[in-house]
Amino acid sequence: MTGFETFVAFGDYHGQHGCRDTLAALERHIKELKPKHRICLGDMFDMACLRKGARSQDGESWEGLLQDQNAGYMAISRLRPTVFLNGNHEYRLYQAAEEAASGIVREYCQEGVSKLEKYLRQMGCKVYPYHHDKGVHRIGKVAFVHGYTASQVAVKQHAEIYADPGGAVVMGHLHRIEAVQAVRHGGAKGYSGGMLADKDELHYAALRPATMRWENGWLFGIIKTGKGGGFKIWQAEKTAGKWILPTNLTEL
C-alpha cells in the first residue's frame with residue numbers, strides 16, 4: 001500500500017495479572033501482520049506495591065513485586081515495542097524513586113527506573129514519560145497516548161485534546177473497547193482498544209460495576225504519512241470466543 005505504514009497498539013497487561021491467551025494471540029498477529037510500528041500504550045506492569053498508601057507497609061508493599069516485574073518484562077520481550085508510552089502504573093515507580101520516605105525504597109526504585117529505560121532503549125524502543133503534554137507519540141494524523149482521565153467520556157475528551165483536525169487519538173488506560181466521533185472542526189476520532197490483562201485477576205474489578213465494560217483486545221491499522229494524511233483503524237477482539245483477525249491488508 002503506497003504511502004501507508006502499518007501499526008499495532010496495545011497495553012494494560014498489568015504484569016502478573018496479564019492474560020496469557022491474549023498475549024499469545026497478539027504475538028501471533030504481530031508475526032503475521034509484520035507492522036512497522038509496535039506501540040505500547042503503557043501499564044505493562046501493575047506495581048501495586050508502589051501505590052500511595054502501600055509503601056509504608058512492608059509486608060503488603062513488596063508481596064508479588066518480583067513476579068509482577070518478571071511478567072511485565074516477559075510480555076515486553078515477546079512483543080518488542082518500537083514505542084513505549086509509560087502509563088500511570090509505571091509512573092508509580094518513577095514517583096517512588098523521587099518521593100518514597102524510605103531511602104532503601106527510593107534507591108531500589110531508582111535502579112528500577114534505570115533498568116526499565118535501559119532495557120527498552122537496548123531494543124531500539126522510543127520511550128515517552130507519563131505526562132499529559134510530553135507523553136504523546138504521533139504518526140501522521142494519529143496521536144497515541146496512555147490516557148489521563150477515565151470518565152465515561154474519556155475517549156471523546158482525548159480526541160478533542162490530542163487529535164489533529166481530521167485525525168484520531170489511540171489510547172489505553174480505560175481497559176474498554178470504544179470508538180467515538182469527537183465534536184470539533186475538521187472532525188476527530190477516538191479509539192480505546194481494550195486491555196491485555198486478565199479481568200478476573202484484577203480483584204478490585206469485582207467491586208466496580210463499570211468494569212463490566214472491560215474487554216481484552218488491541219488496535220491495528222494503517223496510516224498515510226505523506227501529503228493529505230489519512231488512516232484506517234481496526235479493533236482486535238474475540239468473536240465467538242476466538243481471535244479471528246485479518247492480516248493481509250491489500251489495496252484494491
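The largest cavity of this predicted model holds about 40 Å³ of space. With a threshold of 30 Å³ or more, the count comes to 1 cavity. Its lining is made up of Ala9, Phe10, Gly11, Asp12, Leu41, Met171, Gly172, Gly193, Gly194, Gly217, Trp218 and Leu219. Two elements, β1 (4–10) and β10 (218–224), each give two or more residues to this lining. By residue class, the lining of the largest cavity divides into 6 nonpolar, 5 polar and 1 charged.

Aromatic contacts come next. Across the whole structure, 8 aromatic pairs are found. In one of them, the ring centres of Phe45 and Tyr73 are 5.2 Å apart and the planes meet at 70°; since angles over 60 degrees count as edge-to-face, the pair is edge-to-face. Phe45 belongs to the loop between β2 (37–40) and α2 (58–61), while Tyr73 belongs to helix α3 (residues 65–79), so this pair ties together parts 28 residues apart in sequence. Both Phe45 and Tyr73 are buried.

Another pair joins Tyr91 and Tyr130, whose ring centres are 5.6 Å apart with planes at 50°, so the pair is tilted. Here helix α4 (residues 88–99), which contains Tyr91, is tied to the loop between β4 (126–128) and β5 (137–139), where Tyr130 lies, so the linked parts are 39 residues apart in sequence. Tyr91 is partly exposed, at a relative accessible area of 33%. Tyr91 and Tyr130 also belong, together with Tyr148 and Tyr162, to one aromatic cluster.

Finally, there is a contact between a charge and a ring: the charged end of Lys224 sits over the ring of Phe4, at 5.4 Å from the ring centre.

Technical notes
Residues numbered from 1 in each chain as written. Predicted model: local features only at pLDDT ≥ 70, side-chain atom pairs only at ≥ 80, totals over all residues. Heavy atoms only, no water. 1 Å grid on protein atoms, 1.4 Å probe; cavity = no way out; pocket = protein on both sides within 12 Å on 5 of 7 lines; lining within 4 Å. Points joined across faces, edges and corners; volume = space filled by probe spheres on them. Helix = DSSP H or I, 4+ residues; strand = E, 2+ residues; numbered from the N terminus. Nonpolar A, V, L, I, M, F, W, Y, C, P; charged D, E, K, R; others polar. Phe/Tyr/Trp six-rings, centres within 6.5 Å; stacked < 30°, edge-to-face > 60°. Buried < 20%, exposed > 50% of the residue type's maximum accessible area, 1.4 Å probe, protein only. Lys NZ or Arg CZ within 6 Å of the ring centre and 35° of its normal.
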